[in-house]
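Please read this report alongside the sequence and the coordinates.

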Amino acid sequence: MTPRMAQLQALLAEDPKDSFLRYGLALEYSSSGDDVTAANKLKELLAEDEYVPGFLMAGQILHRLDRDAEAVELLRKGIEAARRQGNAHAAGEMEGLLVTLE
């Protein structure tokens, strides 16, 4: 466990539903080389909250894990969520990744 993971987990103990902190923890797992845990953390987050940055990151991580079918599914959901939230930039980034996976 990295010091940053410990810090994020301590903050999450105070507010376990904070999407930004949960996203940050998943990124920290990915940065430390644990993409499996990172993907699981992101999927848990996205099951509860349409946190748009999480969709793109989950798609990228799942692709690295050769789990492209899961990546495609999450990217499609993420594009819809981004459009609903008026985030054309994020939708475009996810569309770009989706094209490479299909």
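This is a predicted model: local features need pLDDT of at least 70, side-chain atom pairs count only at pLDDT 80 or more; totals for chains, interfaces and linings use all residues.

Residues are numbered from 1 along each chain as its sequence is written, and side-chain values use heavy atoms, with hydrogens and water left out.

**Packing of α3 and α4**

Helices here are DSSP runs (H or I, at least four residues), numbered from the N terminus. Helix α3, residues 35-48, packs against helix α4, residues 52-64, at an angle of about 145°, and their axes are 9 Å apart; the axes are lines fitted to C-alpha atoms over the stretch in contact, and the angle, on a scale from 0 to 180 degrees, is taken between N-to-C directions. The crossing of α3 past α4 is left-handed, a term used if the near helix is turned anticlockwise from the far one by less than a right angle. On the α3 side the contact (heavy atoms within 4.5 Å) is made by Asp35, Ala38, Ala39, Leu42 and Leu46, and on the α4 side by Gly54, Phe55, Met57, Ala58, Ile61, Leu62 and Arg64. Sorted by class, this contact of α3 with α4 has nine nonpolar, one polar and two charged residues, where Ala, Val, Leu, Ile, Met, Phe, Trp, Tyr, Cys and Pro count as nonpolar, Asp, Glu, Lys and Arg as charged, and the others, Gly among them, as polar.

**The nonpolar core**

In soluble globular proteins, nonpolar side chains tend to be buried together. The largest nonpolar core in this model has 34 residues, and those with the most contacts inside it are Leu42, Leu75 and Met94; such a core is a set of buried Ala, Val, Leu, Ile, Met, Phe, Trp, Tyr and Cys residues joined through side-chain atoms within 4.5 Å. Buried means under 20% relative accessible area, exposed over 50%, and partly exposed in between, with a 1.4 Å probe and protein chains only. At least two residues of this core come from each of α1 (3-14), α2 (19-31), α3, α4, α5 (68-84) and α6 (88-101).

Not counting residues up to four places away in sequence, Leu75 touches Phe55, Leu56, Gly59, Met94, Leu97, Leu98 and Leu101. Leu97, placed in helix α6, is buried at a relative accessible area of 16%, and, with neighbours within four places left aside, Leu97 is in contact with Leu56, Gly59, Gln60 and Leu75.

**Salt bridges**

The count comes to nine salt bridges, each a side-chain nitrogen of Lys or Arg within 4 Å of a carboxyl oxygen of Asp or Glu. Three of these pairs are set out here.

| Pair | N to O distance |
|---|---|
| Asp35 and Arg64 | 3.0 Å |
| Glu70 and Lys43 | 2.5 Å |
| Lys77 and Glu73 | 3.3 Å |

Because Asp35 lies in helix α3 and Arg64 in helix α4, their pair ties together parts that are 29 residues apart in sequence; Asp35 is buried at 13% relative accessible area, whereas Arg64 is partly exposed at 46%. Glu70 in helix α5 and Lys43 in helix α3 link distant parts of the chain, 27 residues apart, with Glu70 partly exposed at 25% and Lys43 partly exposed at 33%. Lys77 and Glu73, by contrast, both lie in helix α5, four residues apart, about one turn of the helix. Lys17, Arg22 and Glu48 are linked in a network of salt bridges.
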